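Open the model in your viewer and keep the selection tool ready.

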Amino acid sequence: MVPVAAPPIADGTVITERDRIVWVGPRAHAPKGGRDEALGERSILTPGLVNAHTHLELTMMRGFLEDLPFFDWVRTLTRVRAEVVRPEDARDAALLGVAEGLRSGITTFGDTGDSSAPFDALRSLGARGIAYREVFGPDPAEAAAALARLQASVAEMRKDATPLVRVGVSPHAPYSVSNALFSAVATWAAKEALPVAVHLAESAEEDALVQRGEGPFADFLRSRGIAVARRAPGSVPLLRAVGLVRPDTLVIHVVRAGAEDIRAIANAGCGVAHCPVSNAKLGHGAAHLGAFVAAGARVGLGSDSMASNNEMDILAEARVALLQQRVRAAAEGSAPLSARAIFRLATLGGAEALRLDAEVGSLEVGKQADLAVFSVDLAGAPAPDPVAALVFAPARARVTRVIVAGVERVQEGRVQGFDPAVAGRVDACAARLAEWRRAQLAR
Ligand SMILES: [Zn+2]
């Protein structure tokens, strides 16, 4: 058992009552009584994993936009969402995304979405999370209208919020949101106590736009008649200027951040969603994870969407994050992170980034009963360190059971209440996307 807040316990036991953990410790000392289930040899019991950043409604885009430059990737994604993806496609994609996440041991999702589909999917499959509703608007003249639309969407979603699934807002990114809209959302979200998520400091193209008013995003905005000027010395200073460097903000990516930016993020208590596979796959680089951790930032791991990562697997993210960090640490002569430190980010760190750590992220008395059980195939490893086994050989860890708030959501690897027909419909949507793209390329 890996409690995360304490060292691993061989033959550990967790006792739950309804939705809470009431006892954690060695099996030999566990109080008797109640239903008792042995998980068996080669099983590792952990807190449910936390995916601090994803886009569940884009699950149909696995493999859709391979090997495109970032601007073309963003533009194609935006166009296909507007021209091909229907509301029912987004609903199916979000359900399939939650199911894939649960099946890989994720119990808490930080999702940013342009519809209520992720929010609905999380609730319907019994997962936990924050659904950050996205808002776009690069033209400052449209800020008031964009804010009004966001307010209406959020009001609808909030009627159905539950203790497990809450609502937040996501002014998307500096290249898709004007300073006026950022500021308006910042003021309103603070008044409404809504958590905020922002894609930040992700790419060289974003830097060019923010720092110099140049590059493909600047050209595109000008082509639409939007005035573009240098906005700030960097994306973190821009976020500070619009009032969003604050504790209820989750900043996503922050690949292109200097020491001062990292200190500002950590000191303000912002959450950080580190998405190593997405950032590497899109060619953006790697956020300076060691520096964020050393600065005491609230860092979690995120898979990002299927459009930039072909799977949702937080253990796989942890492995890549740790290997990248150790390569960088070796080059810089700084300290490498341990497997336990990275596993902490995949659980409690993610909960901290989303400010849900009072409830989830570790196996501790009083916390929510969010549990994952991994069965590990480690022939030839007679006494493996369970954390090293999960972090360094994630492909050998199979999720057998997942419990959220005391309710079993994955049994024998199967997601409870998930309609298998959804996967077929997502496949059909993916085929329509591919056809649309072929037609575009043939032009
Ligand atoms: Zn994202």
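Predicted model: local features only at pLDDT ≥ 70, side-chain atom pairs only at ≥ 80, totals over all residues.

Two strands count as paired if DSSP finds at least two bridges between them.

**Stop 1**

Select residues 12-44 and colour them as domain 1; then select 49-368 for domain 2. Their centres, taken over C-alpha atoms, lie 35 Å apart.

Now show the interface. Seven residues of domain 1 contact seven residues of domain 2. About 610 Å² is buried between the two domains, and carbon and sulfur atoms give 52% of that area. Strand S2 (residues 20-26) supplies five residues, the largest share of the domain 1 side. By class, that side has five nonpolar residues, two charged and no polar ones.

Which polar links cross between domain 1 and domain 2? Four residue pairs are in polar contact, both partners at pLDDT 80 or more. Salt bridges across this interface number zero.

**Stop 2: the open sheet**

Select S3, S12, S13, S14 and S15. These five strands form an open sheet in that order, with antiparallel pairing. Strand S3 (43-47) and strand S15 (414-415) are the edges; each has a single partner strand, so one side of each lacks a neighbour in the sheet.

S3 pairs with strand S12 (residues 371-376) in the antiparallel sense, over five bridges. Pick Thr 46 and look across: Ala 372 in S12 stands opposite.

**Stop 3: two hairpins**

Move to strand S13 (residues 397-404) and strand S14 (residues 407-411), an antiparallel pair with four bridges. S13 and S14 make a hairpin with two residues between them.

**Stop 4: an ion pair**

The structure holds 27 salt bridges. Select one of them: Asp 207 with Arg 256, whose closest N and O atoms are 2.7 Å apart. What does this pair tie together? Asp 207 sits in helix H6 (residues 204-212), and Arg 256 in the loop between strand S9 (249-253) and helix H9 (259-268), so the pair links parts 49 residues apart in sequence.

Note on methods: Residues numbered from 1 in each chain as written. Heavy atoms only, no water. Domains from an automatic or database assignment. Contact = heavy atoms within 4.5 Å. Buried area = accessible area lost by both parts, 1.4 Å probe. Salt bridge = Lys/Arg side-chain N within 4 Å of Asp/Glu carboxyl O. Polar contact = N/O pair within 3.5 Å; in protein donor to acceptor, adjacent residues only side chain to side chain. Nonpolar A, V, L, I, M, F, W, Y, C, P; charged D, E, K, R; others polar.
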